[in-house]
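Student: Could we go through this structure together? I would like to know how its parts are arranged.

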Number of protein chains: 2
Amino acid sequence: MARTEPARGMRDFLPEDVRRREHVIGVITAVYERYGFEPLETPAVENLETLLGKYGDEGNQLIFKILKRGEHEASGQADLALRYDLTVPLARVIAHHQSRLPRLFRRYQIQPVWRADRPARGRFREFYQCDVDALGSTSPVVEAEVCAAVSDALEALGFDDFVIRVNHRQMLTDVLNAAGVTPDRHATALVALDKLDKVGLADVKGELADRGVSAESIRAISGLHESAKVFGENAPKGAESSLTMLRGLGETYDTMSSVVTGDAGENLRLVFEAIGQTSAASRVVYDPFLARGLSYYTGAIMEINVADLAGSLGGGGRYDDLVGMFLGQPVPACGFSLGLERILVVMAERDMFPAPLHGSAADVMVSVFEAAGSPHALRLAGLLRAAGLRVIVYPDADKIGKQIKYADSLGIPRVALLGSDEIAAGTVTVRTLAARTQEIHPQEAAAAAILEALRRRG
Amino acid sequence: MARTEPARGMRDFLPEDVRRREHVIGVITAVYERYGFEPLETPAVENLETLLGKYGDEGNQLIFKILKRGEHEASGQADLALRYDLTVPLARVIAHHQSRLPRLFRRYQIQPVWRADRPARGRFREFYQCDVDALGSTSPVVEAEVCAAVSDALEALGFDDFVIRVNHRQMLTDVLNAAGVTPDRHATALVALDKLDKVGLADVKGELADRGVSAESIRAISGLHESAKVFGENAPKGAESSLTMLRGLGETYDTMSSVVTGDAGENLRLVFEAIGQTSAASRVVYDPFLARGLSYYTGAIMEINVADLAGSLGGGGRYDDLVGMFLGQPVPACGFSLGLERILVVMAERDMFPAPLHGSAADVMVSVFEAAGSPHALRLAGLLRAAGLRVIVYPDADKIGKQIKYADSLGIPRVALLGSDEIAAGTVTVRTLAARTQEIHPQEAAAAAILEALRRRG
């Protein structure tokens with residue numbers, strides 16, 4: 001007897017799970033299409049070299065690698081890998097299919113990715129990302145559009161309390177410079193800062209010290225963090241407040257003025273101004289310490305949070321250099337990714353799913369009293385299905401009580417009974433389980449009668 | 001500059017490809033739901049031991065194996081693997097979640113599988129299977145229902161010329177016994193016979209000899225093959241003709257009479273009788289040499305073919321022992337799998353896709369004459385989207401001619417122009433590209449005007 005559980009960190013989705021997932025994917029897709037994004041799909045498996053070196057050291061270690069096949073299998077070498085995100089494959093696609101794609105390409109992609117991460121609440125080793133990305137423009141309009149698209153998607157799902165934190169990768173570098181962190185410590189300092197919202201300032205200060213950041217720089221970062229918190233708590237969220245906060249940071253906190261007025265600060269101002277004209281205007285907040293783990297970001301970075309979930313519902317940003325790694329010439333790009341599983345976890349806990357999802361597998365089940373009736377059951381089922389009804393044929397000639405109990409346990413509202421009398425007369429007895437009523441119809445007329453009853457119920 | 005092609009045998013799907021795939025999946029799903037099948041999804045990755053030993057030797061060699069992670073990676077050992085089909089994972093799910101599933105469980109599952117096969121026309125290393133399976137009953141009603149479901153699905157897609165070949169795995173064994181093939185040669189003989197429709201009788205005879213089947217047995221098989229061909233050509237296809245052929249085989253061909261009247265022959269007769277009462281009645285044909293490669297089948301086996309495709313559009317059968325390998329107690333099961341890529345290849349070559357699939361990415365594109373107009377463009381886009389329109393904002397202040405050319409190249413029928421005059425007046429100029437006409441509307445009224453124009457066009 002073999003093991004029956006799914007692989008670690010992976011899950012089976014039973015019918016009710018799948019319906020919930022499909023519901024959420026459907027709502028998100030409809031919003032993404034309203035923004036003119038077009039669907040794209042890429043293989044689950046990529047050449048290993050396509051993925052390596054794109055996600056930083058921590059990312060590289062979480063990639064699932066696939067053994068070479070055939071005689072090479074014994075070598076233990078890997079040449080393929082499972083997709084780690086949808087962004088690097090997109091960059092590869094842009095480079096490979098450039099002649100077939102429009103100069104400005106907007107795509108959405110809703111597919112699973114795999115990471116050999118430690119499983120936790122809402123964190124799995126196979127999970128779906130729901131991405132939108134726009135390629136070919138450096139305009140802050142793009143940042144605004146992707147923020148608005150994910151914001152509309154979450155609102156369409158019923159979320160009304162999420163926050164989109166926004167920062168700028170280059171501005172974060174400027175902040176580290178202003179705090180006196182030497183450039184060779186930037187990458188390691190960012191890994192520590194990325195954990196700020198998860199572990200808090202005290203732990204991050206310890207980790208910064210462990211990673212070789214000077215005590216003086218840690219004090220500067222810590223001071224700025226205190227200021228930022230004041231801004232954050234005083235100011236209500238929203239694009240206007242974020243702009244005020246951005247300005248205030250330069251005015252109040254001395255070493256920051258050059259950061260705020262630099263290229264990155266200026267770009268972030270334009271991004272907030274653009275977002276201010278969209279449906280996401282009230283959702284955004286400036287977070288000067290938002291870091292985002294992935295190494296390919298170059299400009300604005302974003303992350304969505306709700307209070308009752310550690311970690312984010314999604315994130316994104318600008319990555320103007322990634323396509324160039326495949327194409328040899330730069331293509332500016334910016335995108336946003338929603339995490340399907342995170343959304344589902346919160347929606348389940350908050351009971352946000354609409355009731356009609358919990359429908360039954362069929363409108364009617366066809367039952368026979370003896371095996372000789374089965375051909376008649378199949379024929380009747382064909383008639384009912386041709387009329388558009390969803391129909392199960394109970395396959396065995398079990399006792400009728402057992403058959404009806406089965407239909408009831410599945411929530412199937414009606415059973416069409418074919419006994420020898422019905423078969424001889426060409427009729428069928430349709431029993432409505434909840435009402436405990438039944439009617440006899442000619443077999444050819446049963447579909448119309450059931451459809452009429454369904455219509456009457458609304 | 002890195003490689004940009006997808007991994008060998010895998011493909012990227014650009015928007016038009018995805019829309020075609022989604023169309024086919026949608027049609028198949030609707031039919032499967034009409035048969036009361038419920039959706040199930042399983043992880044792409046399974047524990048390696050779950051898959052090994054289920055598909056026969058040829059199958060085992062085509063499984064993509066995943067390296068252990070972390071410090072174990074250097075060992076070159078694999079502990080996980082990519083899903084090879086949807087049937088073995090289903091059997092694992094039935095065993096694992098038995099208490100949460102109904103006694104008779106009918107599920108559909110449309111997901112990719114991976115096989116390290118040699119790529120060919122319609123054969124890829126990542127491909128989607130569209131499966132229906134019914135568990136918990138040995139009744140031939142189940143075989144009839146899964147045949148009818150896939151038959152209806154293909155008809156709904158527009159196919160009218162497919163044939164469902166039907167045989168019985170145990171009857172095939174009986175045939176081999178009747179031909180004097182010793183039991184120890186059965187498995188290897190089946191591998192050769194499975195290629196009959198691909199390579200023809202002459203090659204199969206050679207391969208049978210190579211695999212150690214005696215000359216006498218090969219003559220017997222060859223003789224039966226000739227008889228079967230006569231039956232096949234004389235009789236029109238359909239359940240009735242298949243029954244006639246099945247009877248005729250026993251009467252005409254001496255050593256076959258015990259095969260036809262045995263348990264397997266009797267079961268196959270009941271299967272054809274049941275199919276005869278469904279919408280698949282005219283599609284089936286008895287093929288006494290159909291073998292199906294996978295080793296888990298135990299009863300009726302089926303395969304769908306069209307004339308213009310080597311290989312099958314799908315296949316299936318009964319596998320009453322597979323769940324027991326996980327559960328320790330038998331659960332009868334039978335299913336059918338359609339190959340999405342095969343269907344797409346034939347539909348593309350026959351030009352079977354409905355025209356409305358080739359729609360544009362958006363109903364309208366919003367354009368600005370200068371960057372200062374972008375905030376207005378974003379606000380207008382929000383108004384249009386709120387009314388349900390699909391809208392792209394052109395992100396840059398390129399020359400208007402270039403912007404309109406871009407919209408035209410994407411097939412977007414309308415451009416909403418915001419110049420300084422429009423912005424000052426709170427209006428927008430809506431240009432219809434094909435008609436070369438334009439109208440000025442107040443921005444708040446533009447959505448209603450465009451929707452009205454869309455309605456008028458039908």
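Tutor: What follows is a conversation about a predicted model.

Student: New topic. At what angle do α6 and α13 of chain A pack?

Tutor: Helix α6 (residues 169-178) and helix α13 (residues 263-275) of chain A pack at about 140 degrees, and their axes are 8 Å apart. Because of that angle, α6(A) is oblique to α13(A). The two helices make a left-handed crossing.

Student: Which residues make that contact?

Tutor: From α6(A) come Q170(A), M171(A) and D174(A), while α13(A) supplies A264(A), G265(A) and L268(A). By type, the contact of α6(A) with α13(A) has 3 nonpolar residues, 2 polar and 1 charged.

Student: What about α5 of chain A: how many of its 18 residues are buried?

Tutor: In α5(A), 15 of the 18 residues are buried, so the helix is mostly covered by the cut-off of 20 or more other C-beta atoms within 10 Å. Helix α5(A) covers residues 140-157 and reaches 26 Å from its first C-alpha to its last, close to the 26 Å expected. Just after α5(A), G158(A) takes a positive phi of about 110 degrees.

Student: Which residues other than glycine have a positive phi in chain B?

Tutor: Among them are D351(B), with phi near 60 degrees, and R436(B), with phi of about 55 degrees. D351(B) sits in the loop between α15 and β12 of chain B, and R436(B) in the loop between β15 and β16 of chain B.

Student: Is R436(B) buried or exposed?

Tutor: R436(B) counts as exposed because it has 7 C-beta neighbours inside 10 Å. D351(B) is exposed too, with 6 other C-beta atoms within 10 Å.

Student: Last one: where does F289(B) lie, and what is it in contact with?

Tutor: F289(B) is in the loop between β8 and β9 of chain B. Leaving aside neighbours within four places in sequence, F289(B) is in contact with L193(B), L196(B), H225(B) and A228(B). F289(B) is partly exposed, with 19 other C-beta atoms within 10 Å.

Key:
Residues numbered from 1 in each chain as written. Chains lettered and ligands numbered in written order. Predicted model: local features only at pLDDT ≥ 70, side-chain atom pairs only at ≥ 80, totals over all residues. Axes fitted to C-alpha atoms, helices over the stretch in contact; angles between N-to-C directions. Helix = DSSP H or I, 4+ residues; strand = E, 2+ residues; numbered from the N terminus. Parallel < 35°, antiparallel > 145°, perpendicular 65-115°, else oblique. Left-handed = near helix turned anticlockwise from the far one by under 90°. Contact = placed C-beta atoms within 7 Å. Nonpolar A, V, L, I, M, F, W, Y, C, P; charged D, E, K, R; others polar. Expected span 1.5 Å × (residues − 1). Buried ≥ 20, exposed ≤ 12 C-beta atoms within 10 Å, placed from the backbone.
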